[in-house]
Amino acid sequence: MKHNTLGRTGISVSEICLGTMTWGSQNSEAEAFAQMDYAVENGVNFFDTAELYPTTPLSPETYTHTEKIIGNWFAKTGKRKDVVLATKVAGAGRSYIREGRPITGQTVIEAVDASLTRLQTDYIDLFQIHWPNRGHYHFRQVWTYDPSTQDRQAAIDGMLEKLEALDVCVKAGKVRAIGLSNETTWGTQKFISLAESRGLPRVATVQNEYNLLYRTHDLDMAELSHHEEVGLLAYSPLAGGILSGKYLDGQKPAGSRASINGDIGGRLKPMQEPATRAYVDIARNHGLDPSQMALAFCLTRPFMASVIIGATSMEQLKIDIGSADMTLSEDVLREIAKVHRMYPMAI
């Protein structure tokens, strides 16, 4: 398993990160424990979670259950020191999370302390802002995105307030490094500039969606990742399971994410079908598993710090982790590039 460094932190993580958002809803605690055991035994040292999880579906009844499961595993196994642990503070929008309030300096401090308790640990390796207060183009909002309505000074003031709160947490030893999620190029650069000019914690990573059907990070964010040493933590690298091919021709297997969440957060639309079929055909024509090919492609990207996988079964988990051992041929990469030119943004 290859390892990469998170930004300028010196923290080394496996190029495959274990995602956790199904634990506590689609997966039981016992199943989550088995996933963590297997991942660590097979070279994965990086777990990503969030106070918001589990997400399938989101509900006030299951809110925070994922972090609690991870904390219970740490308590049972004593393996906290073997894991680089990332979690996130949720933003506005849900009444059962801090009355639906946006992220402020105070909510950052509250969220860190609450996560530490649930995770049964004294420190969080990477603490991330789950999404910006001002809005963004992720979560399928790219088609209606309009930053012209944003208040620039309010956005900057909010970023500074968050950084100052995170600085308190870092100095207290509760957080080792910080990251962003669902951010833009301007937002990420502004966080960096504010931190550097004021001696505050510098952003190490940005966790955004990246997969064969959605590759916005290839553009301005790739340039920022390179010059500012901010690696991508790619979430939904299989586009919610779509790139496995299991949803082709309208199929929705029992127990799958689509059988629970319908359109998989707006991804499972007719426009994605021809692109998905083309990628699945490339994999099958070359004797590859479609999921492994899609993940292995993500691992080729120069800006990638780690690819966050998620699985509801051990079979899926083994396939996903196995992608780290796959090297894509030049022929496969050329065919992928050709399909991308035909379907540059399928979801």
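**Reading the fold**

Modeller: Begin with the surface. The accessible surface of the protein is about 14,200 Å², and carbon and sulfur atoms account for 51% of it. Keep in mind that this is a predicted model.

Biologist: What radius of gyration would a compact globule with 347 residues have, and what does the protein have?

Modeller: For 347 residues the expectation is near 20 Å; the protein has 19 Å, so the value agrees with a compact globule. The C-alpha atoms fill a box of roughly 55 × 50 × 35 Å along the principal axes. Of the 347 residues, 56% count as buried.

Biologist: What share of the contacts between residues at least 6 apart in sequence joins residues at least 24 apart?

Modeller: The share is 78%.

Biologist: Now the secondary structure. How many helices and strands are there?

Modeller: There are 11 helices and 10 strands. Eight strands form a closed barrel, in the order S3-S4-S5-S6-S7-S8-S9-S10, with parallel pairing. From one strand to the next, the twist averages 30°.

Biologist: Which helix packs on the sheet and touches S5, S6 and S7?

Modeller: Helix H3, residues 105-119, does. Its direction makes about 140° with that of S6. Helix H4, residues 152-171, lies across S6 and S7 and runs at about 155° to S7.

Biologist: Which strands are joined to S5 by bridges?

Modeller: S4, residues 46-48, is joined to S5 by 3 bridges, and the two run parallel. Phe47 stands opposite Leu85 there. S5 and S6 share 4 bridges and also run parallel. On that side, Val89 stands opposite Ile129 in S6.

Biologist: What handedness do the β-α-β units around S5 have?

Modeller: S4, helix H2 (residues 65-77) and S5 make a right-handed unit. S5, H3 and S6 make a right-handed unit too.

Biologist: One more pair. How many bridges join S8 to S9?

Modeller: There are 5, between S8 (residues 203-209) and S9 (residues 231-235), which run parallel. Val206 has Leu232 in S9 as its bridge partner.

Conventions: Residues are numbered from 1 along each chain as its sequence is written. This is a predicted model: local features need pLDDT of at least 70, side-chain atom pairs count only at pLDDT 80 or more; totals for chains, interfaces and linings use all residues. Side-chain values use heavy atoms; hydrogens and water are left out. Two strands pair if DSSP finds at least two bridges between them. Axes are lines fitted to C-alpha atoms, for helices over the stretch in contact, and angles run from 0 to 180 degrees between N-to-C directions. Contact means heavy atoms within 4.5 Å. A crossover is right-handed if, with the strands pointing away from the viewer, the path from the first strand over the helix to the second runs clockwise. The radius of gyration is taken over C-alpha atoms; the globule rule is 2.2 Å times the number of residues to the power 0.38. Buried means under 20% relative accessible area, exposed over 50%, partly exposed in between (1.4 Å probe, protein chains only). Accessible areas come from the Shrake-Rupley method with a 1.4 Å probe; for residues, only the protein chains shown count as cover.
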